[in-house]
Amino acid sequence: MASRTRAESEHAKPPLSVRRVRPSDLAQIIALDERITGLAKPAYWHDVFRRYGGRRVEGRFFLVAAPPGRAPNPPILGFIAGEVRAWEFGSAPCGWVFALSVEPDARLHGVGEALLEAISSEFKRAGVSRMRTMVGRDNRLHLLFFRGEGMVAGPYIQLEKDLE
Amino acid sequence: MRLQIASRLAIFALLELAASPGRQVSVAEIGEKYGVSSHHLAKVMNALGRAGLVRAVRGAGGGYHFSGNARRITLLDVISLFENLESGNVEVGATGQATDEARATGQATDEARALGGVLAEIDDAVRATLGSITIATLLRIVERGRGGRTSAAPADQRREDPPPE
């Protein structure tokens, strides 16, 4: 019975709204990313906001999940960013997710799923039918999530080398 | 890659049990579906029981039920109970030097190390893949496969997306 209660708790989905990022969200996004990665990257996130969230740019999406309502500065539960990329080594246009973070206390409540569904809808509206991402092999959290959402290994192989 | 039979049977058994967590399933029932002897399967179930993934129910109508968390247990967790997935690079002894056997079989050469680097790349990809797929995810893949095979059903009756967890 205890495990069922835990399972029910994991499945419980609190009210949630997914919307485009606002300038007032940026400080929370920077703080959330720093808590999760252990690395503060304010300049990076300001740049991402400018290019993906500052104004509505076709094929670029920067979304946040927050409790519903119009509170002046609601807590951010998570965010996702991506864009439509085309013709990289022959790859037909597809949606690329390059950032996804969920507040640790809000995990297992459907926040990540809601964010992924929202950006999937944006990608479909932008005219693409496939979505990709790139995750480190040791990034168990994101790998388990994306696999659980039905993503599988694609036909491209990521390569790299140290620059001498 | 090929998995050992025990690993495959363990995954099949966990899928059967996790698909209906409240139900007890006998070894004979699982064995019949996958065409394996109860004797072979019993050894696998014992190992899964020792790992805490299944629980045996004794007596009439007994069998096994799933006692793990399907959203947490990965294929790598299960397979690692039965086999070592490393492809085997240069064998190194306690002193950090290549062992005599490794030298005798050419494994201590630069060429063997280069080949070992390539094989390690493959090992890493295999482990990352198996470590990212849970029993729950594999059950969803099974369901999607069933959906694809019954595509004669009207499109509006087909489930495109996995059920919400």
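Colleague: In what order do the five strands of the open sheet in chain A lie?
Modeller: In this predicted model, the pairing within the open sheet is mixed. At its edges stand β1 (17–20) and β5 (131–133) of chain A, each of which pairs on one side only. The twist from one strand to the next averages 30°. The order of the strands in chain A is β1-β2-β3-β4-β5.

Colleague: In which sense do strands β2 and β3 of chain A pair, parallel or antiparallel?
Modeller: Strand β2 of chain A covers residues 60–66, and β3 of chain A covers residues 78–85. A65(A) stands opposite G78(A) in β3(A). Over six bridges, β2 and β3 of chain A pair in the sense called antiparallel.

Colleague: Is α2(A) parallel, perpendicular or oblique to α3(A)?
Modeller: The axes of α2 (residues 26–37) and α3 of chain A are 10 Å apart, and the helices pack at an angle of about 135°. Angles of 65 to 115 degrees count as roughly perpendicular and those over 145 as roughly antiparallel. The angle of this pair therefore makes α2(A), relative to α3(A), oblique.

Colleague: Which residues in α3(A) do L26(A), I29(A), I30(A) and D33(A) meet?
Modeller: The four residues named belong to α2(A). Counted over both helices, the contact residues divide into six nonpolar, one polar and one charged. The partners in α3(A) are P42(A), W45(A), H46(A) and F49(A).

Colleague: Which elements of chain B give two or more residues to the side that touches chain A?
Modeller: In all, 12 residues of chain B are in contact with nine residues of chain A. On the side of chain B, four are nonpolar, five polar and three charged. The elements in question are α6 (110–130) and α7 (135–149) of chain B.

Technical notes. Residues numbered from 1 in each chain as written. Chains lettered and ligands numbered in written order. Predicted model: local features only at pLDDT ≥ 70, side-chain atom pairs only at ≥ 80, totals over all residues. Pairing = 2+ DSSP bridges. Axes fitted to C-alpha atoms, helices over the stretch in contact; angles between N-to-C directions. Contact = placed C-beta atoms within 7 Å. Nonpolar A, V, L, I, M, F, W, Y, C, P; charged D, E, K, R; others polar. Parallel < 35°, antiparallel > 145°, perpendicular 65-115°, else oblique.
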